[in-house]
Amino acid sequence: MNTDNKQPVFSSIFAPHWHELPTVMHKHYLNRPYTDDHTQVTGTINVWCAWPLKRCARIFWWLKSIPPHCETNVPITVDFHSSPYNNHFRFERTFKFKNRACYRFTSAMEPIKDNLVIERMSRHIGWLLSYTWENQKIKLNHQGYMVCLGKIRISLPITWLIGKGHAEEWALDDNRFAMRMYITHPWWGKLYQYDGEFTINKLPDTT
């Protein structure tokens, strides 16, 4: 756990590769633990989901998780917040769909050990993943799902049902990056994807 609020939350997660990351990724993951740090990025993404997931759309809307929707060139703002009380790295994503009200999907990355992180989502659902730096890309690798009740974490064996999540991010220049997130299932193939490009808009004052 990174308890040093002078170093970014993700510096210990990517260690020893933190210093190999490109400039834009250092900006992206600049937030420090136990602070009020706030970073903001904006961009456009394409959202796609397959029919099995569409049939469960009401559940996903209720969970306030990934939007079960298909649309291209969706404007999106993502705010990354630290907390003065813990070492979590919070994502607040605001999707601006054409014919729907703005949709917010929030989650918090909680460092567990080494490069393991739990993404805590609403309704106490967690995604256990590992962060790696491979071939000039940041990769988020599926490790399972969990129920998160405060500090209690219980394995949730539903990967066979809803598939594995994956994500990757790569630099475009010193101020822009691209990303792709997708879910694959052994029977139904690709179930979901969103991908797009982002520009760093706001950085915290870390001086």
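A pocket here is an open set of grid points, where a 1.4 Å probe fits, with protein on both sides within 12 Å along at least five of seven lines. Keep that in mind for the first stop; the model on screen is a predicted one.

**Stop 1: the largest pocket.** Show the largest pocket, which holds about 860 Å³ of space. Which residues are the closest to its centre? Select S65, I66, M121, M181 and I183; these five are the closest among the 41 residues that line the largest pocket.

Now colour the lining of the largest pocket by residue class. There are 34 nonpolar residues in it, with four polar and three charged ones.

**Stop 2: strand β10.** Select residues 176–185, which form strand β10. This strand gives the largest share of the lining of the largest pocket, namely four residues.

**Stop 3: strand β3.** Move to residues 86–95, strand β3. Is this strand mostly covered or mostly open? Strand β3 is mostly covered, with eight of its 10 residues buried.

**Stop 4: the β2 side.** Then follow the chain from β2 to β3: the two strands are joined by a hairpin through two residues.

**Stop 5: the β4 side.** Select residues 103–113, strand β4, which runs antiparallel to β3 and is joined to it by seven bridges. Finish on R90, whose bridge partner in β4 is A108.

Technical notes. Residues are numbered from 1 along each chain as its sequence is written. This is a predicted model: local features need pLDDT of at least 70, side-chain atom pairs count only at pLDDT 80 or more; totals for chains, interfaces and linings use all residues. Side-chain values use heavy atoms; hydrogens and water are left out. On a 1 Å grid over the protein atoms alone, a cavity is a set of points where a 1.4 Å probe fits but cannot get out, and a pocket is an open set with protein on both sides within 12 Å along at least five of seven lines; lining residues have an atom within 4 Å of a point. Grid points are joined across faces, edges and corners, and a volume is the space filled by probe spheres set on the points. Ala, Val, Leu, Ile, Met, Phe, Trp, Tyr, Cys and Pro count as nonpolar, Asp, Glu, Lys and Arg as charged, and the others, Gly among them, as polar. Buried means under 20% relative accessible area, exposed over 50%, partly exposed in between (1.4 Å probe, protein chains only). Two strands pair if DSSP finds at least two bridges between them.
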